Amino acid sequence: MIKHPTVFVFLGNVGEEEILSGAEQTHPKHGFFSIRDIEEVDIIKTRIQSGESGLNIKRVHVYVIVEAGAVDISAIDTALIFRRNFATVVLTLVVILNEASGTDNRTTHEFLQQLSESETPFDRIFLLSDKNENDIVNLENRQNIYKLIANLPLLHNVQSSFDEIMTAKAREQGRTLFVSAGFWKRKKPEPPKETHNDIFSPSAIKTLHHFAKVLDKHIADGTRIHPSSTPTIPEKFADVASSVISVPARPLKLWDLLGRTIKEAEIMLYGKEAIRFFEDNYTIEILETDEESISMTLCEAVAQEKHMGQMISDITLEITQLSDTIEATEAQQKTPLTMGLKMLDGVDHIKDVIGECYAMRYQLNYLQGIQTKLFAQQQKLTAYISHIRDVIQHLKGLALPEIPVLEETPQETPDDILANAEVLAPFAISLLRNDGLLHEQHILYDECNEPCLIRLIGGFTCDLYFFR
């Protein structure tokens with residue numbers, strides 16, 4: 001497992017996306033960083049020092065990745081800035097050699113010659129070619145190089161004297177020595193081939209399972225949203241009382257009405273004219289709900305259905321309280337003592353109370369209309385959400401077919417892998433000869449505990465590469 005943060009520095013077009021994708025498999029979360037501009041070192045330093053990866057930040061491994069001849073050799077020396085920003089840094093240069101294109105390799109030769117003759121700040125320099133030690137050149141080798149680079153930081157976890165021996169050899173010969181490597185990792189099993197008509201293929205069902213999770217999340221999110229729309233009473237409410245009592249009334253005296261309830265007093269004064277006037281001018285039609293499909297998102301529908309339920313509960317309580325108030329008011333009996341008014345004003349006061357009752361009835365009718373509409377809308381949303389929940393349960397119930405495990409090779413144990421190392425992981429370099437060079441190989445494990453094989457060969461110069 002990775003113990004220290006890794007920084008990948010990309011100079012030019014060198015498979016950044018593929019390398020970082022592979023690094024996600026070999027590093028813990030926040031365990032690796034990438035930059036294209038050396039000026040970003042301060043930003044990376046701050047992120048590393050935050051310790052969010054949980055790794056040991058006393059040492060940082062920096063990998064500068066470049067394609068031979070694609071950038072000026074001086075650009076590589078900027079990697080020295082890392083030594084000024086971190087206490088302990090292991091600097092590795094990875095040079096990718098492009099031979100699959102079949103182009104003239106003069107620029108590559110000049111680049112490596114300059115690299116050999118310059119004083120390098122790097123602890124190790126890898127030369128990785130898309131022509132392997134078996135002289136096979138193809139695009140698959142380039143992809144294998146990207147996987148290798150993503151896994152190279154795993155080498156810092158093994159007990160090895162490879163670097164010390166390489167440093168001693170370079171000092172003894174007084175020249176830059178290079179390293180190359182080979183890489184193998186068991187391929188993930190491929191699913192069975194699908195046909196366009198096979199809607200229940202493993203990948204299709206996997207997509208449906210993911211879709212069910214998305215729908216579940218939208219329903220859960222909707223329960224946390226609280227819309228604020230609340231019905232309001234129309235402005236007409238204030239005019240109802242004065243309009244109703246303006247209807248012509250019989251010229252009765254107060255003593256004709258004493259001891260009568262408000263409802264009885266209304267009939268004596270207005271007969272059926274007051275209620276007829278009210279129904280002709282203030283009747284509220286119950287709004288019909290439209291039959292259009294639901295256009296809001298699932299998250300909004302869940303939130304709206306929940307909000308409507310609360311509004312219906314509040315309005316129902318308000319309707320009950322208002323009905324009780326109207327009933328109690330109309331049942332009141334008016335006497336001089338209860339009115340506390342002069343006898344001459346008594347009839348007008350009773351008319352005012354009758355008007356207030358009609359104003360409350362107008363409010364009651366409005367609330368009942370809103371309640372009916374909300375009930376219809378809520379039922380529509382409830383049916384929609386219930387249907388979606390049934391769909392989710394159905395999708396979750398789809399069983400994923402078992403995918404057979406396909407082995408790339410018959411090797412299983414570490415001993416078997418090491419015994420077949422040359423076949424599984426050819427070096428990413430073709431040399432004139434490799435006798436007398438330093439060889440080493442390791443089986444390492446990534447964050448998913450999957451094994452991989454890395455072979456190292458070191459101690460060669462560019463002469464052994466070009467004059468083969």
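Reader: Is D163 buried, partly exposed or exposed?

Author: The general idea is a scale of relative accessible area: buried means under 20%, exposed means over 50%, and partly exposed lies in between, with a 1.4 Å probe and protein chains only. D163 has a relative accessible area of 31%, so D163 is partly exposed. Please note that this is a predicted model, in which local features need pLDDT of at least 70, side-chain atom pairs count only at pLDDT 80 or more, and totals for chains, interfaces and linings use all residues. Residues are numbered from 1 along each chain as its sequence is written, and side-chain values use heavy atoms, with hydrogens and water left out.

Reader: With which residue does D163 form a salt bridge?

Author: A salt bridge is a side-chain nitrogen of Lys or Arg within 4 Å of a carboxyl oxygen of Asp or Glu. D163 forms one with R124, and the closest N and O atoms are 3.5 Å apart. This pair links distant parts of the chain, for D163 is in helix 6 (residues 162-173) and R124 in strand 5, 39 residues apart. Helices (H or I, at least four residues) and strands (E, at least two) are DSSP runs, numbered from the N terminus. R124 is buried because its relative accessible area is 6%.

Reader: How many salt bridges does the model contain?

Author: The count comes to 13 salt bridges. One of them joins the side chains of R142 and E67, at 3.8 Å from N to O. R142 lies in helix 5 (residues 139-151) and E67 in strand 3 (residues 59-67), so this pair ties together parts that are 75 residues apart in sequence. Both R142 and E67 are buried.

Reader: Which residue forms a salt bridge with R83?

Author: The partner is D123, with the closest N and O atoms 3.3 Å apart. D123 sits in the loop between helix 4 (106-117) and strand 5 (124-129), while R83 belongs to helix 3 (residues 81-85), 40 residues apart. D123 counts as partly exposed because its relative accessibility is 41%, and R83 is partly exposed at 33%.

Reader: Where does N449 lie?

Author: N449 is found in the loop between strand 7 (438-445) and strand 8 (451-460). Its phi is also positive, near 60 degrees, in a residue other than glycine. N449 is exposed because its relative accessible area is 52%.
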